[in-house]
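Let's take a walk through this fold together, going from a sheet to the helices and then to the open spaces between them. Have the model open beside you as you read.

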Amino acid sequence: RTDRVPPPDAKRAAADGDDRRSDVADDAYVAGATPYTEQDEAWLRSGPLSKALDPNLRVVRVASRCPRNGTPRVLECYPLRVAHNPARSEMKGFSKYKWKARAGEAPVPWPNTFWLCCPVLISKIGALEHEGFIKKYNARFQRPDSDDARNDAPRVRAHHAPSASHPWSVLSPDDVKFARREGYDAVLEKCGVGGLRVPEQVKCLHLHYAHFLATKDNLVGEWCQNELDARDERRMLR
């Protein structure tokens, strides 16, 4: 089967859940992206976190792969998805009241463009969150204690702009018109990583780290990587 992004009738395709896999032209922002294959989907669905991925999402491509075995680390998702689908009411991802249910079975914004799907990395980043690193990283923005720390806010704002524009660039012309008509452009065109409106706000480390692996353009994700590298080094020295 030849997959296409975007489908000609985005509203119908999203409601039906078809064409979740697709080929799109590569771009410099996600330079390491590769096609999402049937083997990738089988691996994802057979893993311990198979239920963590919303079945109403359409995967555009694999944004980052494991350098050791080639399995997906980060998925790039289409910026629109179905929030309310009676045919899938028993499946994860069904949301009766998402977006006030006004969209019915039509697509609504999905701002989590990059989805961390590697079980090992999910666990490691989850450990950082459990240990309070969200609060620690927020404090670096709120109470900078050095010249380097005072430069963090301008750096993260610089990362914010391409992150805000990338999801919009993935949409088809028909879906761009649809999103503007529905008033979704403010979410898909102007918000940063994961739909954040305030660049210096850290909410989910998985979100930032997935964006970092996909683009190498996320300061908080870079901090996470540095912390993970430091922990690996300490383990090797024991």
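**From the sheet to the pockets**

Start with strand 2, residues 72-77, which pairs with strand 5 in the antiparallel sense over three bridges. Keep in mind as you look that this is a predicted model. For a handy landmark in this pairing, find Val74, which stands opposite Leu116 in strand 5.

Now widen the view. The sheet is an open one of three strands in the order 1-2-5, with antiparallel pairing. Strand 1 (59-65) and strand 5 each have a single partner strand and stand at the edges, so each has one side left without a neighbour in the sheet. From one strand to the next, the twist averages 30°.

What packs on this sheet, touching strand 1, strand 2 and strand 5? That's helix 9, whose direction makes about 110° with that of strand 5.

Next, the helices. Two packed helices are described by the angle between their axes and the distance between the axes. Take helix 3 and helix 10 to begin with: their axes come within 11 Å and cross at roughly 100°. Angles of 65 to 115 degrees count as roughly perpendicular, so helix 3 is roughly perpendicular to helix 10. On the helix 3 side, the contact is made by Lys124, Ile125 and Leu128, while helix 10 brings Cys224, Glu227, Leu228, Arg231, Asp232 and Arg235. Sort those residues by class and you get four nonpolar, five charged and no polar ones.

Helix 10 has another partner to look at. Helix 6 (residues 152-170) packs with helix 10 at an angle of about 115°, and their axes are 9 Å apart. That angle makes helix 6 roughly perpendicular to helix 10. Here helix 6 puts in Asp152, Arg155, Val156 and His159, and helix 10 answers with Leu219, Glu222 and Trp223. By class, this contact of helix 6 with helix 10 splits into three nonpolar, one polar and three charged residues.

With the packing in view, turn to the gaps. Rolling a probe the size of a water molecule over the atoms shows where empty space is left. The largest pocket holds about 390 Å³ of space. Its lining has 24 residues, and those closest to the centre are Trp115, Leu116, Cys117, Ile122 and His206. The lining of the largest pocket comes out as 16 nonpolar, seven polar and one charged residues.

Finally, the second largest pocket has a volume of about 170 Å³. Of the 13 residues lining this pocket, Arg68, Arg73, Leu121, Lys124 and Tyr209 lie nearest its centre. Lys124 also belongs to the contact of helix 3 with helix 10, and both of those helices turn up here, each supplying at least two residues of the lining. Helix 10 (219-237) gives the most, with four residues. By class, the lining of the second largest pocket has seven nonpolar, one polar and five charged residues.

Key
Residues are numbered from 1 along each chain as its sequence is written. This is a predicted model: local features need pLDDT of at least 70, side-chain atom pairs count only at pLDDT 80 or more; totals for chains, interfaces and linings use all residues. Side-chain values use heavy atoms; hydrogens and water are left out. On a 1 Å grid over the protein atoms alone, a cavity is a set of points where a 1.4 Å probe fits but cannot get out, and a pocket is an open set with protein on both sides within 12 Å along at least five of seven lines; lining residues have an atom within 4 Å of a point. Grid points are joined across faces, edges and corners, and a volume is the space filled by probe spheres set on the points. Ala, Val, Leu, Ile, Met, Phe, Trp, Tyr, Cys and Pro count as nonpolar, Asp, Glu, Lys and Arg as charged, and the others, Gly among them, as polar. Axes are lines fitted to C-alpha atoms, for helices over the stretch in contact, and angles run from 0 to 180 degrees between N-to-C directions. Angles under 35 degrees count as roughly parallel, over 145 as roughly antiparallel, 65 to 115 as roughly perpendicular and the rest as oblique. Contact means heavy atoms within 4.5 Å. Two strands pair if DSSP finds at least two bridges between them.
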